[in-house]
Protein chains: 2
Amino acid sequence: MSNALPEDSVGIVTCKTISFDEPLRLACGRVLKQYELMIETYGTLNAAKDNAILICHALSGDHHAAGKYHPDDKKPGWWDHYIGPGKPMDTNKFFIVSINNLGGCHGSTGPASINPENNEPWGADFPNLRVRDWVNTQVRVSDYLEIEQWAAVVGGSLGGMQAMRWSLEYPERLRHCIVIASAMKLTAQNIAFNETARRAIIADPKFCDGNYLAHQTIPKDGLSVARMIGHITYLSGGGMGEKFGRDLRSGSFKQGIEEPVEFQIESYLRYKGESFSKTFDANTYILMTRALDYFDLAREYDHDPARAFSHALCKFLVISFTSDWRFAPERSQEIVNAMIKADQDVVYAEIESDYGHDAFLVPNQTRYIDLFSAYMNKIEVRS
Amino acid sequence: MSNALPEDSVGIVTCKTISFDEPLRLACGRVLKQYELMIETYGTLNAAKDNAILICHALSGDHHAAGKYHPDDKKPGWWDHYIGPGKPMDTNKFFIVSINNLGGCHGSTGPASINPENNEPWGADFPNLRVRDWVNTQVRVSDYLEIEQWAAVVGGSLGGMQAMRWSLEYPERLRHCIVIASAMKLTAQNIAFNETARRAIIADPKFCDGNYLAHQTIPKDGLSVARMIGHITYLSGGGMGEKFGRDLRSGSFKQGIEEPVEFQIESYLRYKGESFSKTFDANTYILMTRALDYFDLAREYDHDPARAFSHALCKFLVISFTSDWRFAPERSQEIVNAMIKADQDVVYAEIESDYGHDAFLVPNQTRYIDLFSAYMNKIEVRS
């Protein structure tokens, strides 16, 4: 480990690509003949192979959940505050696996990859994916790693949807399911925001009906607006107000002077949008938001969530955050109510927080950390 | 009145243009040498000229607040449910004046008008406007109509900001100020939504830095996305859920079938965005949202709202709606608190409604109508 990294960091990490040649039938009916998944692991798999944790990422996440690739990387992985020695997902105890989802744009096969059938980027022709497709590919990673049963499958937001799907579809392959800031299905308002974001991308002439890579261009402007829309929904109104208020970045309100006034929140959002648009694939963004929209945990269980959860064999931890208006505490309460009705073992906590939906990633939230740690500490592993 | 119109309609109406040649100094320091304002009136001005009501419109409103131009118009004016014989703004009693704001795109001088100095559309060169500029032009309309004192100045949302500004800047020229679903200033989240909407417009290559008319094009896609963003914030999450839920417009979730799934809310929003983009000017949209962002009622009063309202001489009615998350009831409570601190005469009502910010326009809300009517009925007029 580099000296530049704090002691509770997982340190310098590397990722690796796994190639799968066994055809994968997708929920949409299409078949991927081969695909690659990029994974990253932290900690050590024990002899009993019962200390493995699977991290499922959210819309804009990837396999790089903790540590750095180089000591001088500006930022560590996206969930670094919660993965490492002594942290809630303690690498002294657990072997942690993080996968860039199929359809992603950080190493796993996705719309920006080359379609081997025609040697062109997949682009718009990449198949639609559902949450269950991700779970199925994650099962193959489990098999590849010879992990018969996960100590826990953990995810926030869209990641929580994957964790819940695991508990229903592969009940014997996990002992704990940890669902943070998630929902059993999106509301009309959630879908409305996603559709508006997609529309911003699609309306960008550089989108070229999704085949922008073949046209050697990128719909940066559209993706940037899409991310701005998303970003507003990740923060709470109150948190945004405390952080930015009506502070100006430039200009003034002096009368008689025409100069452009810019609020801090404006330049912040634009910066966030622009930087995202340089590193993320627009088709992946569309694909991920569609998977979010389509997810409906109980659809195949007569729309009865309790019936759905009756298939689960694991224990559950469900966490929500008071100021999260994207997936409000009510959504988590619906999950918990269904679990209780299905006679499942569930611990639920609503964490007081002003960080909105992003709270699940934000450091230094004592109750969240304490609760998350306490739960993880009680998970039994053999050696 | 046409037989096609209901009895409580103001009937067939006409609008008219008023030309102003006295130069207008704007808050930004620039001067408009001449300009036109489009106005519409309902009811009859009494001999004492003390029964006039000024309607101030919101972001996407205009002078056409009630009635129809032709019996077969699909829709009446935007506030038709509240203006007419027997309605809260009763045309049997009041003479109602509605003006398309300066900078608008429905007949008043705005960015889409021809700049007489160069015979080109103003486009991006049209001056930035503040709420106070609108109030100043409305004062000129009052003078033109020889209305020394309005019985009431009334507005919802951005219109409420104009009404409040009237009460501070021209205290002797109104007896009542009616402020509906408004705020003394925008929150960081409000600004964030506006900036994202503007960014969608500006990123449209057809925007041409605001000079699209000179290029004989229109940034329809960008404006459409901007309107979609706005529209989400006008409705409540709950109301949207009740109206659309997760109902599909096309496609199905059947496994093994790849067909595009479309939710009702998606096509609804897209339709709303597209129709708006055909009738509204993009520069006006930017100008109006900027005026919203810049508005800060107490800025020139040491940021002390009570000090600001201490200048008012009128009586106030303030109304908010429980599910309005754009200008939440808390924003109205701040207004009312400041008025009380300034020892003003204020009636406040928080109306239970599931229609979000749009509630101020939506018909058949009994308590809103009853309260609004009761207040208006008590306004004294001489003949």
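Predicted model: local features only at pLDDT ≥ 70, side-chain atom pairs only at ≥ 80, totals over all residues.
Q: A crossover is right-handed if, with the strands pointing away from the viewer, the path from the first strand over the helix to the second runs clockwise. Which elements of chain B make a right-handed β-α-β unit?
A: The unit is built from β13(B), helix α9 (residues 329-341) and β14(B). Helices (H or I, at least four residues) and strands (E, at least two) are DSSP runs, numbered from the N terminus.

Q: Where else does pairing show?
A: In chain A, β13 (residues 315-321) and β14 also pair in the parallel sense, over 6 bridges. There, Val318(A) is opposite Tyr348(A). In chain B, strands β5 (residues 52-56) and β6 (residues 95-99) run parallel and share 4 bridges. Ile53(B) faces Ile96(B) in β6(B).

Q: What is the strand order of the open sheet in chain A?
A: The 8 strands follow β1-β4-β6-β5-β9-β10-β13-β14, with mixed pairing.

Q: Why are β1 and β14 of chain A said to stand at the edges?
A: Each has a single partner strand, so one side of β1 (15-20) and of β14 (346-351) has no neighbour in the sheet. Neighbouring strands are turned by 20° against each other on average, direction ignored.

Q: Which helices lie across sheet strands, and at what angles?
A: Helix α2 (residues 158-169) of chain A lies across β5, β9, β10 and β13 of chain A, at about 150° to β9(A). Helix α10 (residues 366-378) of chain B lies across β5, β9, β10, β13 and β14 of chain B, at about 175° to β13(B). Angles run from 0 to 180 degrees between N-to-C directions of axes fitted to C-alpha atoms, for helices over the stretch in contact. Contact means heavy atoms within 4.5 Å.

Q: Why are α6(A) and α3(B) called oblique?
A: Under 35 degrees is roughly parallel, over 145 roughly antiparallel, 65 to 115 roughly perpendicular, and the rest oblique. Helix α6 (residues 264-279) of chain A and helix α3 (residues 188-203) of chain B pack at about 50°, with axes 9 Å apart. The pair is therefore oblique.

Q: What makes up this contact?
A: From α6(A) come Ile265(A), Glu266(A), Leu269(A) and Arg270(A). Their counterparts in α3(B) include Ala188(B), Ile191(B) and Glu195(B). The contact residues divide into 5 nonpolar, 1 polar and 5 charged. Ala, Val, Leu, Ile, Met, Phe, Trp, Tyr, Cys and Pro count as nonpolar, Asp, Glu, Lys and Arg as charged, and the others, Gly among them, as polar.

Q: What makes α3(A) roughly perpendicular to α5(B)?
A: Helix α3 (residues 188-203) of chain A and helix α5 (residues 237-244) of chain B pack at about 95°, with axes 8 Å apart. That angle makes the two roughly perpendicular.

Q: Which residues meet there?
A: Ala188(A), Gln189(A) and Ala192(A) meet Gly237(B), Met240(B), Gly241(B) and Phe244(B). The division is 4 nonpolar, 3 polar and no charged.

Definitions and conventions
Residues numbered from 1 in each chain as written. Chains lettered and ligands numbered in written order. Heavy atoms only, no water. Pairing = 2+ DSSP bridges.
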